[in-house]
Amino acid sequence: MPQSISAFQAAYISIELLIALVSVPGNVLVIWAVKVNQALRDATFCFIVSLAVADVAVGALVIPLAILINVGPQTYFHTCLMVACPVLILTQSSILALLAIAVDRYLRVKTPLRYKAVVTPRRAAVAIAGCWTLSFLVGLTPMFGWNNLSEVRRAWAANGSVGEPVIKCEFEKVISMEYMVYFNFFVWVLPPLLLMVLIYLEVFHLIRKQLAKKVSASAGDPQKYYGKELRIAKSLALVLVLFALSWLPLHVLNCITLFCPSCRKPSVLVYIAIFLTHGNSAMNPIVYAFRIQKFRVTFLKIWNDHFRCQPAPPTGEDAPEDRPAD
């Protein structure tokens with residue numbers, strides 16, 4: 001008989017579906033905005049598109065798979081492992097995209113005159129391809145053998161069973177906590193996050209040093225340039241902070257699982273941590289809409305042109321300067 005769904009599971013599924021219904025359209029809108037607005041075609045916004053693609057996949061793929069795992073179907077071990085790996089790939093892709101954005105903003109304020117010669121569209125495309133390739137390698141590492149198959153096989157054989165183990169599909173049952181903590185968190189999550197913090201601190205230092213210089217009659221353009229860079233850097237740093245706040249709780253819980261196996265983790269905290277990680281995919285379009293003028297104007301143009309059938313002002317290179325909403 002089909003497995004019945006409890007009221008708690010129904011609530012969990014409803015929240016996950018709500019997150020997906022916000023995440024997917026919101027990030028599709030980000031990609032659409034970059035496509036239609038020529039002013040959103042520099043390297044930073046290309047990396048933002050890569051981040052949005054990962055967030056669309058979270059809503060369209062990871063959340064449905066998370067719901068499937070929550071229902072707890074009986075599957076072969078490697079089938080469950082394949083279900084668990086996409087979130088690892090997409091998380092790593094998001095981290096590397098955020099790191100690429102941080103490096104890009106650093107280059108814009110450190111070498112503004114040489115920036116366009118250094119960060120070419122071709123190099124940006126190579127960087128994005130490299131980020132995704134590395135993300136697949138890191139996220140699929142459990143498929144190459146770093147998983148819990150040996151433990152599951154021992155339990156399977158102890159019951160007198162043969163063949164590939166059939167298990168109740170759960171993330172921690174197939175993914176090794178040693179992999180999640182020592183490799184995923186300590187190597188591919190925490191160091192990039194700390195590096196990004198240092199990069200943004202340096203970016204803010206360089207910008208404020210330039211803005212503190214005495215303004216002369218000929219210094220209007222540099223002041224305007226660095227003022228805009230400061231506003232955009234603040235917005236993108238906010239994206240980084242939200243990502244860290246959304247993902248660190250789950251990684252902390254993973255550390256507790258590994259280093260204190262006897263410690264009890266309240267299920268409500270586990271679910272809150274999961275909701276935060278999935279909900280992060282819906283946050284970025286909201287940040288862009290409220291903090292970056294070019295995105296806000298383009299979002300309104302798309303809405304008016306395609307959903308309200310009312311023309312909106314052009315959004316080309318002469319769009320107003322980026323500024324946070326009041």
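Trainee: How many cavities of 30 Å³ or more does the structure hold?
Mentor: The structure holds one. This is a predicted model, where local features need pLDDT of at least 70, side-chain atom pairs count only at pLDDT 80 or more, and totals for chains, interfaces and linings use all residues. Residues are numbered from 1 along each chain as its sequence is written, and side-chain values use heavy atoms, without hydrogens and water.

Trainee: What makes a space a cavity?
Mentor: On a 1 Å grid over the protein atoms alone, a cavity is a set of points where a 1.4 Å probe fits but cannot get out. The largest cavity has about 80 Å³ of space.

Trainee: Which residues line the largest cavity?
Mentor: Lining residues have an atom within 4 Å of a point; among them are D55, W247 and H278. Helix 2, helix 3 (77-110), helix 10 (220-259) and helix 11 (267-291) each give two or more residues to this lining.

Trainee: Why is helix 1 called roughly antiparallel to helix 2?
Mentor: Helix 1 (residues 7-36) and helix 2 (residues 43-71) pack at about 160°, with axes 9 Å apart. Angles over 145 degrees count as roughly antiparallel, so helix 1 is roughly antiparallel to helix 2.

Trainee: Which residue classes make up the contact of helix 1 with helix 2?
Mentor: The contact has 21 nonpolar, five polar and two charged residues. Asp, Glu, Lys and Arg count as charged; Ala, Val, Leu, Ile, Met, Phe, Trp, Tyr, Cys and Pro as nonpolar; the others, Gly among them, as polar.

Definitions and conventions
Axes fitted to C-alpha atoms, helices over the stretch in contact; angles between N-to-C directions. Helix = DSSP H or I, 4+ residues; strand = E, 2+ residues; numbered from the N terminus. Parallel < 35°, antiparallel > 145°, perpendicular 65-115°, else oblique. 1 Å grid on protein atoms, 1.4 Å probe; cavity = no way out; pocket = protein on both sides within 12 Å on 5 of 7 lines; lining within 4 Å. Points joined across faces, edges and corners; volume = space filled by probe spheres on them.
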